[in-house]
Amino acid sequence: MEQSFIEYSLGKDASSAVLWVYPVRKPRGKAIIMCPGGGFNQIASDHEGRDFAAWFNNQGITYAVLNYRMPHGDVEVIREDIREAIRLIRRQSADRPDFQVLLYPVISMTDRLTHWPSRERMLGETISEGLKETLSLELHVTADTPRTFIVLAEDDQAVSPLNSIVYYTALLKHGVSAGLHIYPEGGHSFGFRDSFIYKKLWTDELQKWLLTF
């Protein structure tokens, strides 16, 4: 049975981002906002979004899925939608997340590591070297970066696993608590699909990790 949710508009018109919130009966004081992938060409709102709702609710976690706007070359669109989603969940102005759960993430905007189609759709075709560096997260980790859980498959042909590895390395360098889980096969965009043979392994690891704080 599909989980019930509450839909919130994050703007004033039909083109605004939408946040689907799945409340939990006995909350444990945690909430997660999921930003599904799709390369800024589409939003994988089911297997990388809604399908996780029951699992997180069973952990006592309020769960939300952000149906964000496409940036069309303007990264500020994405930033605004994420900030508004966090404000709505927290009911206050502070934007910094307390933790991150990253699935096969695009971390870097550098030519060597980035996912080129996503970068182009987010930033446009002409991108300065300065902007690439500014938006490459592995270059801006500090001791205040939120603790992080990362999961991916070694045979990911869409987004280089090196994105996760360089980010994890930077987190460790700055003393940030982090877990990196790399499975030998599964490709990209497995999300909550049962076809990913390591699904129970990684979700069990995530469950244990979420209990540590």
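Is Val-75 buried or exposed? Select it and show the surface: at 15% relative accessibility, Val-75 counts as buried (buried means under 20% relative accessible area, exposed over 50%, partly exposed in between, with a 1.4 Å probe and protein chains only).

Before moving on, some housekeeping. This is a predicted model, so local features need pLDDT of at least 70 and side-chain atom pairs count only at pLDDT 80 or more, while totals for chains, interfaces and linings use all residues. Residues are numbered from 1 along each chain as its sequence is written, and side-chain values use heavy atoms, with hydrogens and water left out.

**Stop 1: around Val-75**

Val-75 sits in helix α2. Helices here are DSSP runs of H or I with at least four residues, strands are runs of E with at least two, and both are numbered from the N terminus. Now show the neighbours of Val-75: leaving aside residues up to four places away in sequence, Val-75 touches Met-122, Leu-123 and Leu-135, where contact means heavy atoms within 4.5 Å.

**Stop 2: helix α3**

Two of those neighbours lead us on. Select residues 116-123, helix α3, where Ser-118, Arg-119, Met-122 and Leu-123 are buried. Look down the axis of α3: its buried residues fall within an arc of 100°, so they line one face of the helix. That arc is taken from the directions from the helix axis to the C-beta atoms. As background, an α-helix has 3.6 residues a turn, so residues three or four places apart point the same way. Then click on Gly-124, which follows α3 and has a positive phi, near 95°.

**Stop 3: salt bridges**

Stay with Arg-119 and bring up Asp-111. Their side chains meet in a salt bridge, 2.8 Å from N to O; the term covers a side-chain nitrogen of Lys or Arg within 4 Å of a carboxyl oxygen of Asp or Glu. Arg-119 is buried, with a relative accessible area of 5%, whereas Asp-111 is partly exposed at 37%.

How many salt bridges turn up in a search of the whole structure? The search finds 13. For another one, pick Arg-69 and Asp-81, whose closest N and O atoms are 2.8 Å apart. This pair links distant parts of the chain, twelve residues apart, with Arg-69 in the loop between β4 (61-67) and α2, and Asp-81 in helix α2. Arg-69 is partly exposed at 27% relative accessibility, but Asp-81 is buried at 4%. Arg-90 and Asp-98 also form a salt bridge, again with 2.8 Å between the closest N and O atoms.

**Stop 4: two loop residues**

Go back to the loop between β4 and α2 and find His-72. Its phi is near 50°, a positive value in a residue other than glycine, and His-72 is exposed at 73% relative accessibility. Next, jump to Ser-189 in the loop between β7 (178-183) and α6 (199-210). Ser-189 is not a glycine either, yet has a positive phi of about 65°; at 18% relative accessibility, Ser-189 counts as buried.

**Stop 5: the cores**

Select Phe-52, Phe-56, Tyr-63, Trp-202, Leu-206 and Leu-210: these have the most contacts inside the largest nonpolar core, which has 37 residues. A nonpolar core is a set of buried Ala, Val, Leu, Ile, Met, Phe, Trp, Tyr and Cys residues joined through side-chain atoms within 4.5 Å. The largest share of this core, five residues, comes from strand β6 (residues 147-153). Apart from it lies another core, of eleven residues, including Leu-10, Leu-19, Val-21 and Ile-78.

Where does Asn-57 lie? Look in helix α1 (residues 53-58). Asn-57 is buried, with a relative accessible area of 11%, and its contacts beyond four places in sequence include Gln-3, Tyr-22 and Tyr-63.

To finish, draw a distance between the C-alpha atoms of Phe-56 and Val-75, where we began: 29 Å separates them, with the two residues 19 apart along the chain.
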